[in-house]
Amino acid sequence: MGKSEGHAENWHGHVTALTVAPEYRRLGLAAKLMNVLEEISENRFCFFVDLFVRVSNQVAVDMYKRLGYSVYRRVIEYYSGDPDEDAFDMRKALSRDVEKRSVQPLAHPVRPEDLE
């Protein structure tokens, strides 16, 4: 589901993938899984947790917002397809990021090759 990566103030938990089968959705399972990853990230002294989600996936974007995540930046053509699709890089600051610098949104979109 996730991992810790980065260095210095970019040390963070990252959601690699989160999927719940349709028949088990709306039971709070995704929120529980996210809470576990956030706890592990806190224990590993991460500054934030991040994830990428398709801009068109409004259900997921809304769920992550309810869990305290915000859009940090838009990544142009992050997902390949026909057509390619942009992603939101969504983040949630953890307790180590006292000043919440990791979640201050960027004013402009970036390309995948510009990601740290």
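Helices and strands here are DSSP runs, numbered from the N terminus: a helix is H or I over at least four residues, and a strand is E over at least two. With that in hand, we can walk through the model together.

This is a predicted model, in which local features need pLDDT of at least 70 and side-chain atom pairs count only at pLDDT 80 or more, while totals for chains, interfaces and linings use all residues. Residues are numbered from 1 along each chain as its sequence is written, and side-chain values use heavy atoms, with hydrogens and water left out.

**The sheet**

Let's start with the sheet. Five strands make up an open, mixed sheet, in the order β1-β2-β3-β5-β4. Two strands count as paired if DSSP finds at least two bridges between them. The edges are β1 (2-5) and β4 (70-79), each of which pairs on one side only. From one strand to the next, the twist averages 25°; axes are lines fitted to C-alpha atoms, for helices over the stretch in contact, and angles run from 0 to 180 degrees between N-to-C directions. As a reminder, strands of a sheet pair through backbone hydrogen bonds, either parallel or antiparallel.

Helix α2 (residues 58-66) lies across both β3 and β5, and its direction is at about 165° to β3; contact means heavy atoms within 4.5 Å.

**Backbone spots worth a look**

Most residues other than glycine have a negative phi, and most peptide bonds are trans. The peptide bond between D82 and P83 is cis, with omega about 5°, and P83 belongs to the loop between β4 and β5.

F45, although not a glycine, has a positive phi of about 60°. Its place is the loop between α1 and β3. F45 is exposed, at a relative accessible area of 58%; on this scale, buried means under 20% relative accessible area, exposed over 50%, and partly exposed in between (1.4 Å probe, protein chains only). E77 is another residue other than glycine with a positive phi, near 50°. This one sits in strand β4 and is partly exposed, with a relative accessible area of 40%.

R44 also lies in the loop between α1 (29-43) and β3. With 44% relative accessibility, R44 counts as partly exposed. Leaving aside residues up to four places away in sequence, R44 touches S4 and W11. Its C-alpha atom is separated by 30 Å from that of N57, which is 13 residues apart from it along the chain.

**Rings and charges**

The structure holds three aromatic pairs. Rings of Phe, Tyr and Trp (its six-membered ring) pair if their centres lie within 6.5 Å; planes under 30 degrees apart count as stacked, over 60 as edge-to-face and the rest as tilted. Two of the pairs are set out here.

| Pair | Centre distance | Plane angle | Type |
|---|---|---|---|
| Y64 and Y69 | 6.0 Å | 70° | edge-to-face |
| Y78 and Y79 | 5.0 Å | 85° | edge-to-face |

Both Y64 and Y69 are buried. In the other pair, Y78 is partly exposed at a relative accessible area of 31%, whereas Y79 counts as buried at 19% relative accessibility. Together with F52, Y78 and Y79 form one aromatic cluster.

R54 lies over the face of Y79, 4.2 Å from the ring centre. The charged end of R91 sits over the ring of Y72, at 3.6 Å from its centre. A charge sits over a ring if NZ of Lys or CZ of Arg is within 6 Å of the ring centre and within 35 degrees of the ring normal.

**The annotated span**

Finally, UniProt lists residues 1-95 in an unreviewed entry as "domain: N-acetyltransferase". UniProt positions are given in the numbering used here, feature names are shortened, and annotations may be inferred rather than shown by experiment. In the model, this span is 25% helix and 36% strand, and its end C-alpha atoms lie 21 Å apart.
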